[in-house]
Amino acid sequence: MSIDTAAAEQFWKQYETVHPDAVRAAPDYTVERFGDSPRLADELLALVMAGTKRATSSLLREFIAEGTPLPRIGGHWIVCDGAGAPRVVLRTTELRLGTFDSVEESFAHAEGEDDRTRESWMREHRRYWQRRCAALGAEWTENDEILFERFTVVFPPDLAD
């Protein structure tokens with residue numbers, strides 16, 4: 001799944017023009033997409049763009065495997081669609097490390113997926129992380145550390161919170 005990095009850089013420059021102070025405060029950004037397939041990337045991005053999804057969760061081991069630093073509060077990320085085109089800039093507002101069973105009902109609701117309950121969050125994320133760990137040649141356990149992240153949409157202006 002390739003990402004159009006040149007388009008992402010242009011998108012960032014547009015954001016910087018509108019929000020220069022936010023960029024000065026946190027000038028680094030990542031360019032990513034949700035999920036592990038173009039279809040899932042588009043589904044989750046649609047939830048963000050509709051205002052339903054304002055949180056996400058990631059396995060700590062994925063950051064390690066990819067050599068990617070953990071996000072930080074105030075940090076930015078450009079989210080691309082399934083085709084790799086940049087669509088929104090998000091800004092991290094809250095981070096917490098925990099285990100699978102530490103997910104709160106309010107967090108599951110903020111992730112905006114399925115029926116937004118803790119039960120469905122656990123069911124679907126268990127499946128997802130089993131699949132992701134298998135792809136990494138590892139076995140997922142409910143004791144693996146998870147990064148729980150809340151964010152706001154900051155660009156484009158018509159989608160911003």
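Is cysteine 133 buried or exposed? At 0% relative accessibility, cysteine 133 counts as buried. Buried means under 20% relative accessible area, exposed over 50%, and partly exposed in between (1.4 Å probe, protein chains only).

This is a predicted model: local features need pLDDT of at least 70, side-chain atom pairs count only at pLDDT 80 or more, and totals for chains, interfaces and linings use all residues. Residues are numbered from 1 along each chain as its sequence is written, and side-chain values use heavy atoms, with hydrogens and water left out.

**View 1. The largest nonpolar core has 26 residues.** A nonpolar core is a set of buried Ala, Val, Leu, Ile, Met, Phe, Trp, Tyr and Cys residues joined through side-chain atoms within 4.5 Å. Phe34, Leu90, Trp121 and Trp129 have the most contacts inside this core. Several elements each supply at least two of its residues, among them helix H3 (38-49), strand E4 (86-98) and helix H6 (118-135). H6 gives the most, with five residues. Helices (H or I, at least four residues) and strands (E, at least two) are DSSP runs, numbered from the N terminus.

**View 2. Phenylalanine 34 and its partners.** Contact means heavy atoms within 4.5 Å. Residues up to four places away in sequence are not counted here. Phenylalanine 34 touches residues including Leu40, Leu44, Trp77, Leu90 and Phe151. A second, separate core of 10 residues includes Phe11, Ala22, Val23 and Ile78.

**View 3. Helix H1 spans residues 5-18.** Its 14 residues reach 20 Å from first C-alpha to last, close to the 20 Å expected at 1.5 Å a residue. That expected span is 1.5 Å times one less than the number of residues. The buried residues of H1 are Ala8, Phe11, Trp12 and Tyr15. They cover an arc of only 105° around the axis, so they sit on the same side of H1. The arc is that of the directions from the helix axis to the C-beta atoms. The face turned away from this buried side carries the exposed residues Ala6 and Thr17.

**View 4. Glutamate 113 in the loop between H5 and H6.** A polar contact of 2.7 Å joins the side chains of glutamate 113 and lysine 53. A polar contact is a pair of N or O atoms within 3.5 Å; within protein, one must be able to donate a hydrogen and the other to accept it, and residues adjacent in sequence count only if both atoms are side-chain atoms.
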